[in-house]
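Subject: Structure handover

Hello,

Here is the structure I promised you. Please open it first, then read my notes below with the view beside you.

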Amino acid sequence: MIIINGNWEQVNDLSDVLRIVSENIGDEFGQKIKKIFENNECKIEELEMDISKLRLKEDRLKDLIRQLDILEDYIDENADGTDYMRGMEKAYDMIER
């Protein structure tokens, strides 16, 4: 609840704000504010989608790092000088870069 021009007004969401602005300042100004919020709402939705995509990429990178750690441990535990293990070491070095 807020006081506007001596009256208590219930403000729960944007529609309440727009109603109060339209009633107390004017409908034209209320419509301009609505347009600004709608534009910003679209931008916020785009940002939320971008953040979701980045989180998926982050999860994939973390999984890749875990897999590289497993590979590194395997190479360390099984380093016996064979061609197979030297190939594994080279593959790991290439991936690590």
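Start with a salt bridge: the side chains of Arg19 and Glu23 meet, N to O, at 3.7 Å. The two residues sit 4 apart in helix H1, so about one helical turn separates them. Glu23 is exposed, because its relative accessibility is 54% and the cut-off is over 50%. Arg19 has 31%, so it counts as partly exposed. Keep in mind that this is a predicted model.

Arg19 has another partner. Its side chain also forms a salt bridge with Glu9, at 3.2 Å from N to O. This pair links distant parts of the chain: Arg19 is in helix H1, Glu9 is in strand E2, and they are 10 residues apart. Is Glu9 buried or exposed? Glu9 is buried, because its relative accessibility is 14% and buried means under 20%.

Now look at a pair in helix H2. Arg66 and Asp63 form a salt bridge, with their closest N and O atoms 3.7 Å apart. They are 3 residues apart in the helix, so this is again a separation of about one helical turn. Both are partly exposed: Arg66 has a relative accessible area of 46%, and Asp63 has 35%. Back at the other site, salt bridges with shared partners join Glu9, Asp16, Arg19 and Glu23 into one network. The structure holds 6 salt bridges.

Next, the overall layout. The protein chain has 3 helices and 2 strands. From the N terminus, the order is β-β-α-α-α. What radius of gyration does the protein chain have? The value is 29 Å, while a compact globule of 97 residues would be near 13 Å. The C-alpha atoms fill a box of roughly 85 × 25 × 15 Å along the principal axes. Of the 97 residues, 14% count as buried. Take the contacts between residues at least 6 apart in sequence: 5% of them join residues at least 24 apart. The accessible surface is about 8300 Å², and carbon and sulfur atoms account for 54% of that.

Helix H1 covers residues 14–24. Its buried residues are Asp16, Leu18, Ile20 and Val21. Their cover includes strand E1, strand E2 and helix H2. After H1 comes Gly26, with a positive phi near 145°.

Then find the largest nonpolar core. Which residues make it up? There are 6: Leu68, Leu71, Ile75, Met85, Met88 and Tyr92. Helix H2 (27–78) and helix H3 (83–96) are the elements that give two or more residues to this core. In soluble globular proteins, nonpolar side chains tend to be buried together.

Zoom in on Met85, which lies in helix H3. Met85 is buried, because its relative accessibility is 3%. Leaving out residues up to four places away in sequence, Met85 touches Tyr74, Ile75, Asn78, Ala79 and Asp80. Met85 and Ile75 are 10 residues apart along the chain, and 6.8 Å separates their C-alpha atoms. With neighbours within four places set aside, Ile75 contacts Met85, Met88, Glu89 and Tyr92.

Last, the surface. Met1, Ile3 and Trp8 form a nonpolar patch there, with about 380 Å² of accessible area together. Trp8 lies in strand E2, residues 7–9. Trp8 has 55% relative accessibility, so it counts as exposed.

Best wishes

How values were computed. Residues numbered from 1 in each chain as written. Predicted model: local features only at pLDDT ≥ 70, side-chain atom pairs only at ≥ 80, totals over all residues. Heavy atoms only, no water. Core = buried A, V, L, I, M, F, W, Y, C linked by side-chain atoms within 4.5 Å. Buried < 20%, exposed > 50% of the residue type's maximum accessible area, 1.4 Å probe, protein only. Contact = heavy atoms within 4.5 Å. Patch = residues over 30% accessible without salt bridge, like charges linked within 9 Å, V, L, I, M, F, W, Y side chains within 5 Å. Areas by Shrake-Rupley, 256 points an atom, 1.4 Å probe, with all protein chains shown as cover. Salt bridge = Lys/Arg side-chain N within 4 Å of Asp/Glu carboxyl O. Rg over C-alpha atoms; globule rule 2.2 N^0.38 Å.
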